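The entries below are kept in the order of looking.

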Amino acid sequence: MPSPVANTTAPRARFYAFGGSFGGLDFEPTYNFPTTNIISPFPPPPVNTIDWSNVGFRVREVALHYSVHTKKWTPPQFVADPYIRIHGMAPALNYGQQAYEGRKPSARPEYISCPPVPVEHFVNAVKATVSLNAEYVPPHETGAARYIRPQIYGSSGQLGLSPPEEYMFCVYVLPTGVYHGTHPVDALILDDFDRAAPNGTGSAKVGGNYAPVLRWSDKARTEGYGITLHLNSATHSEVDEFSTSGFIGALVDGDNVTLVVPDSKNVIKSVTADSITDIGKSFGWNLERRSIKYTELPNFSEVMAAGTTAALVPIRTISRCIDPSSPDSISAAVKQHPRLSSDKQAEKVNYIEESQEDAGPVCLKLLTQLKAIQLGKAKDEFGWCAPVTAEDGAKITGVPKATKGDGQTVDQLD
Ligand code: COI
């Protein structure tokens, strides 16, 4: 009977996953080494084998997966291996039938013909994963975070372009640093590549919205841009979103602050952007959800990129390779603006001076409050925080018996 997880021969790292009934076949979760210390006080302290101040973005541990056969999801199981064994002809690998973040509206499993994950399954799986990896939550003072990545995909092998019979839902967790760092970054508008078709899947958190961007964001990085920005594909005249995160502009008139977010149907619905705008509203600031013209970029006092891994990134400049004499340019629309500079082939909107390494006041205030809520230092008036206990992990099947916890990490793979 095949196992959905690869059998490794030696204890190597601390990886967890859950498996379940897979196309009618039962499988055994595989784990190679003792893991959780359920009898210890919860939560345990962070392991001391990770340089928490320098976490980066490598996957360090993995959580759970489970699968569905026909219309039934199996209970989540714990599997101690980050490598998932699926058929090489799985639509996930061949046709991009994959989405992540499972239940968020943005994940849109229905866009890729995957069955939805019931709320209860989803919450149980996420809480169990967090609980069973509690010692990998970074210490607060490092600024690092615990990232949770639920994912869903078509997993059984087939050639035909039709929804397969079997699906997998997994939750991975990993400690991460801040994706774009905390300093202001330069953004580049991508004009030679359209991220999303007008009636396409641009609003879905599917892999196909990310992989095609890689070569463009990589090229932009070599040119000194830390982040890339997409305009609407149909006319390239409205702001959609950054490749990694949502767009938020701040209009500031004295004490009057208005946060503006795009209402494009091709933008991924960002929970972090929603949290930021909720925080803004709690400060008494206004919120406008509307189309944002490219030519109004200089009107913003600040621009920010909001995302789960990005948190809130201050944007220093936004550049576009466009002839300033083109009728589509800002230069043509507004002639002169203190935030606008241009040469023969490009124009640039400047929000934060080169000499300044801090975010603007709007960004700083929003980010400070977001972090304070995340860290439990400010009252969570929105009800975003959910408690996770040792019991959330203990009720899942396949969890290894309580041990002293050996604290092994993937650092020991190096
Ligand atoms: C996230 O921030 O959660 C994302 O999915 C963006 C990804 C490029 C890291």
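Entry 1, the ligand shell. I note at the start that the model is predicted. The residues surrounding the ligand are Tyr100, Glu101, Tyr147, Arg149, Lys205, Thr244, Thr308 and Thr309.

I looked up the distances to oxygen atoms of the ligand. For Tyr147, a polar side-chain atom lies 2.6 Å from such an oxygen. For Thr309, a polar side-chain atom likewise lies 2.6 Å from an oxygen atom of the ligand. Thr308 takes part through a polar backbone atom, 3.4 Å from a ligand oxygen. On its own the ligand has 290 Å² of accessible area, and the protein covers 90% of this.

I asked why the ligand lies between two domains. Domain 1 (13–179 + 393–412) and domain 2 (185–358) both give residues to the shell, so the ligand lies between them.

I turned to residues 302–307, which form strand S12. Because 6 of the 6 residues are buried, S12 is largely enclosed by the rest of the structure. Glu302, Met304 and Ala306 point one way, whereas Val303, Ala305 and Gly307 point the other way.

Entry 5, partners of S12. Strand S9 (residues 246–253) pairs with S12 in the antiparallel sense over 5 bridges, and here Gly249 stands opposite Val303. Strand S13 (residues 311–320) is also antiparallel to S12, joined by 4 bridges, with Ala305 opposite Val313. I recorded S12 and S13 as a hairpin with 3 residues between them.

Technical notes:
Residues numbered from 1 in each chain as written. Predicted model: local features only at pLDDT ≥ 70, side-chain atom pairs only at ≥ 80, totals over all residues. Heavy atoms only, no water. Near = heavy atom within 4 Å. Polar contact = N/O pair within 3.5 Å; in protein donor to acceptor, adjacent residues only side chain to side chain. Areas by Shrake-Rupley, 256 points an atom, 1.4 Å probe, with all protein chains shown as cover. Domains from an automatic or database assignment. Buried < 20%, exposed > 50% of the residue type's maximum accessible area, 1.4 Å probe, protein only. Helix = DSSP H or I, 4+ residues; strand = E, 2+ residues; numbered from the N terminus. Pairing = 2+ DSSP bridges.
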